[in-house]
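Work through the exercises below with the sequence and the model side by side. Try each task before you read its solution.

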Amino acid sequence: MAAYGPRACGRARSHVIALLGELIGQPDPVAADIGRWTVADDEWLDVLLPARLLAGALVLADGKAGVALALCSMVAFRPVVCDGLPIHIALSCHPVRARRVASESGSGAAASISDAVAPFPRSALAKALARPDDGWVHRYRSDMVQAARLYAMVADNRLDLAWQAICGASNPGDVLYHEALLREAGAGADAAAPLDALCALERLGLVRALDQYVVGRVLEELEADPSVVLAANISALSAVHDQWWVAIEQRLLGRRDVARRLVIEITETAEIAPSQATAFADRMRSLGCRIALDDFGVGFASIRRLMALSPDIVKVDAYFTHRALQSERDRQIFVHAIGLAYAISPLVIVEGVEADAERALAEKVGVAWIQGAYAGRPTVVRSWMGAVPRRQGDAPSRFPDVATAHFTGGAVA
């Protein structure tokens, strides 16, 4: 409301209700009541749906939670338009603690009046809304323009995945895995990633739908080739084990061979919530996946949080690599960053290796794996499918850590 006014707020609510009706096959899903209550000084809405609308094929994933999750995804990708401006909406999909249950007369449907808890702290948003004239409104609207453009590309299939190999420092022809990098279709693999738009999505709380989209596309590649190991990047805001991951989790449960070849790289462009990220990492590892921490050393995570996360792989940011040959002081900082990374994880990758001198330094300090232009630039060509594919061994044997037995011995349900 602070960014677009009450008229846009009303349209957004109607838009969400219309999408809900589309989802459950009921044009006017709120012939039932809309309830209002206050949680943490915010106004919340609930919609009481008759049981007949949630029966049979209309029940998605795990019942009403599945409907809520599907609605969250629909709303994220399909904007409401107000005064010619596309506005994407972020909905929460998370459990609530019921304290009173009421039934709609004659329908058998139940709705909980609950002590709901938002999944993320709202202090930053509250502060921003308290001073909407200090540039927050301009930033919010600017971010929304970038978000709308990026999601329009998703809708029009105008985003490509480029692939960059993580290679051996002593033998760049030896490949650990390939990382998926988001690129605008037609812009070329060497084009810059849409980093500004990704950061805008994080600030708006809209990044989770995009992360699900990217992970889904990477899974398609893994399912198509039984030998390749691939990585998908997700924001730290997506590293939460909740209903957003139900569909992907079910997909991995049905294909453990795929899970064992998926690396989930968590970026540090947003703050990591320790307990939530730890639960997420533990669950994904139990399915067979591996967790990598991207851009180590320049992000939001503190050492305490990283120790709690216990990533299987740490990727030292290119910032340290590029400076390492400039002075003895920078070289020592690089060496200490590598040492700290090894204290957190048994497998370390050095990013940003563009020259042989940087590769040699990485090898000298004991790093086995590198990523960067020296080893290979991103390409939309799937190099692992070529006539002479770059050598990549069996997935579990490429991760020689103390948890190898866990990953090769199957995963818990």
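Two strands pair if DSSP finds at least two bridges between them. Helices (H or I, at least four residues) and strands (E, at least two) are DSSP runs, numbered from the N terminus. This is a predicted model, in which local features need pLDDT of at least 70, side-chain atom pairs count only at pLDDT 80 or more, and totals for chains, interfaces and linings use all residues. Residues are numbered from 1 along each chain as its sequence is written, and side-chain values use heavy atoms, with hydrogens and water left out.

**Exercise 1. The overall count**

Task: State how many helices and strands the protein has, and what share of its residues is buried.

Solution. 
- Step 1. Count the elements: there are 14 helices and 14 strands.
- Step 2. Apply the burial rule. Buried means under 20% relative accessible area, exposed over 50%, and partly exposed in between (1.4 Å probe, protein chains only).
- Step 3. Of the 413 residues, 48% count as buried.
- Step 4. Look at contacts, meaning heavy atoms within 4.5 Å. Among contacts with a separation of 6 or more, 69% join residues 24 or more positions apart.

**Exercise 2. The barrel**

Task: Give the order in which eight strands close into a barrel. Then follow the partners of β7.

Solution. 
- Step 1. The barrel order is β7-β8-β9-β10-β11-β12-β13-β14, with mixed pairing. In general, strands of a sheet pair through backbone hydrogen bonds, either parallel or antiparallel.
- Step 2. Start with β7 and β8. They pair in the antiparallel sense over nine bridges and form a hairpin with six residues between them.
- Step 3. Find residues that face each other. Trp163 stands opposite Ala180 in β8, and the bridge partner of Cys167 in β8 is Val175.
- Step 4. Turn to the other partner. β7 pairs with strand β14 (residues 369-370) in the antiparallel sense, over two bridges. Here Gly168 stands opposite Trp369 of β14.
- Step 5. Check burial. Nine of the 10 residues of β7 are buried, so β7 is mostly covered.

**Exercise 3. Along the parallel strands**

Task: Say how many bridges join β8 to β9, and how many join β9 to β10.

Solution. 
- Step 1. β8 and β9 pair in the parallel sense over two bridges. His178 has Leu230 in β9 as its bridge partner.
- Step 2. Strand β9 (residues 230-235) and strand β10 (residues 262-267) run parallel, joined by six bridges. Ser235 has Thr267 in β10 as its bridge partner.
- Step 3. Nine of the 10 residues of β8 are buried, so β8 is largely enclosed by the rest of the structure.
- Step 4. α6 (residues 207-224) lies across β7 (159-168), β8 (175-184), β9 and β10. It runs at about 175 degrees to β9. Axes are lines fitted to C-alpha atoms, for helices over the stretch in contact, and angles run from 0 to 180 degrees between N-to-C directions.

**Exercise 4. The nonpolar cores**

Task: Which residues touch the most other members of the largest nonpolar core?

Solution. 
- Step 1. Recall the term. A nonpolar core is a set of buried Ala, Val, Leu, Ile, Met, Phe, Trp, Tyr and Cys residues joined through side-chain atoms within 4.5 Å.
- Step 2. The largest core has 97 residues, and Val218, Leu252 and Phe280 touch the most other members.
- Step 3. α6 gives the most to this core, with nine residues.
- Step 4. A second, separate core has 11 residues, including Tyr177, Ala292, Ile349 and Trp369.
- Step 5. Leaving aside neighbours within four places in sequence, Leu252 is in contact with Leu219, Val258, Ala259, Leu262, Leu287 and Cys289.
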